[in-house]
Amino acid sequence: MIGPEQLQMATRNHGMPLEALRYDITPVGLHYLLIHYDIPAIAAQDWRLQIGGLVGRPLTLSLADIRARPQVTLPVTMECAGNGRARMSPIAASQPWLVEAVGTAEWTGTPLRPLLEAASVAGGGVDVVFTGADRGVEGGIEQNYERALPVDAALRDEVLLAYEINGQPLSPQHGFPLRLVVPGWYGMTSVKWLTRITVVGEPFRGYQMVNAYRWKDADDDPGRPVTRMVPRALMMPPGIPSFFERDRFVPMGPVPLGGRAWSGWAPVQRVDVSTDGGRTWEHADLGAPVGAYAWVPWQYTWHPRRPGAYELCCRASDAGGRVQPVEPVWNVGGYANNAVQRVRVTVT
């Protein structure tokens, strides 16, 4: 059951209304949002980014310094690792996402790699640790939110230090004045309110790496890390909804269906649609992807034969052979549940 703590989290965070799948680029106010602790109060003129650890030339940079560097804008689909958690049973005691914890924004910033090269990462560097200004208590440990990437992953060309979203300065809730954006990886990797980057000589064992965001089959299982987004397709709700249940109602006749699909591992190769609850499937038409690291649109025209109740599903497959499962694969934290979406529809 969902208790008061989870409801408390749900009022602080929000998902993307599925009708917003109509937009190639998600408006900022509709993009999903997860805030672990509090939104820190940061004055841009006082903020500095420290780059240190196993580097030959430690750096201290102001926001003006970072804005003066080469600029890149990338459309990136970002999804919370817990998306789909509330569709599992028993449900993990965390943010009760259904399937709406996703969005695609245009992130503007400067590539991380040249900065790490300017700092001269030492040969013994193993992980790059990213520290945010947000601070809280989790698992009985007082901590800043920190995540790490292996050095080779941090040096990928697409990894950004972003200071704008959709052409505007980052809003406070999205990490003002600077955040990390790691395309293809679940959103917990893209640390917000970034203050420090530290190169370390052994795998980082901070709380968010070894206790959270790990796929565990049991409480005593050390688990394996959750990293890249697995394939998922979502359907833009057809017709009109009932207020409370959010069931859909459509008239007889051709029913246009559509949505978006993505994968952090490989390009989406196919989207299939089922109108009988997943028993049979037909191919949908794919459009052009919004970008190399962003979702792809899909379309399908459904011709219901008679009025009545139906269950619609959509399923993505990527070029690496990964396919969405029909049913959830349970794990302790409720992570990476990419079981197919199910939409109840009544044809009138």
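Mentor: Helix 1 and strand 5 (127-138) each put at least two residues into the lining of the second largest pocket. Helices here are DSSP runs of H or I with at least four residues, strands are runs of E with at least two, and both are numbered from the N terminus. Helix 1 gives the largest share of this lining, five residues.

Before going on, a word on the source: this is a predicted model, where local features need pLDDT of at least 70, side-chain atom pairs count only at pLDDT 80 or more, and totals for chains, interfaces and linings use all residues. Residues are numbered from 1 along each chain as its sequence is written, and side-chain values use heavy atoms, with hydrogens and water left out.

Back to our pocket: about 740 Å³ of space lies in it. A pocket is an open set of points on a 1 Å grid over the protein atoms alone, where a 1.4 Å probe fits and protein lies on both sides within 12 Å along at least five of seven lines; lining residues have an atom within 4 Å of a point. The volume is the space filled by probe spheres set on the points, which are joined across faces, edges and corners. There are 29 lining residues, and the closest to the centre are Met-9, Ala-93, Ser-94, Gln-95 and Glu-138. By type, the lining splits into 13 nonpolar, eight polar and eight charged residues. Nonpolar covers Ala, Val, Leu, Ile, Met, Phe, Trp, Tyr, Cys and Pro; charged covers Asp, Glu, Lys and Arg; the others, Gly among them, are polar.

Helix 1 (4-12) turns up again in the largest pocket, where helix 1 and strand 22 (341-347) each supply at least two lining residues. In that pocket strand 22 gives the most, with four residues. The largest pocket holds about 1000 Å³ of space. Leu-18, Arg-87, Leu-98, Val-99 and Glu-100 are the closest to its centre, out of 36 lining residues. Those residues divide into 17 nonpolar, seven polar and 12 charged.

Now zoom out. The chain has five helices and 22 strands. Its radius of gyration, taken over C-alpha atoms, is 21 Å, close to the 20 Å that the globule rule (2.2 Å times the number of residues to the power 0.38) gives for 348 residues, so the chain is as compact as a globular protein of that length. Of the 348 residues, 51% count as buried, meaning under 20% relative accessible area with a 1.4 Å probe, protein chains only.

Notes:
Buried means under 20% relative accessible area, exposed over 50%, partly exposed in between (1.4 Å probe, protein chains only).
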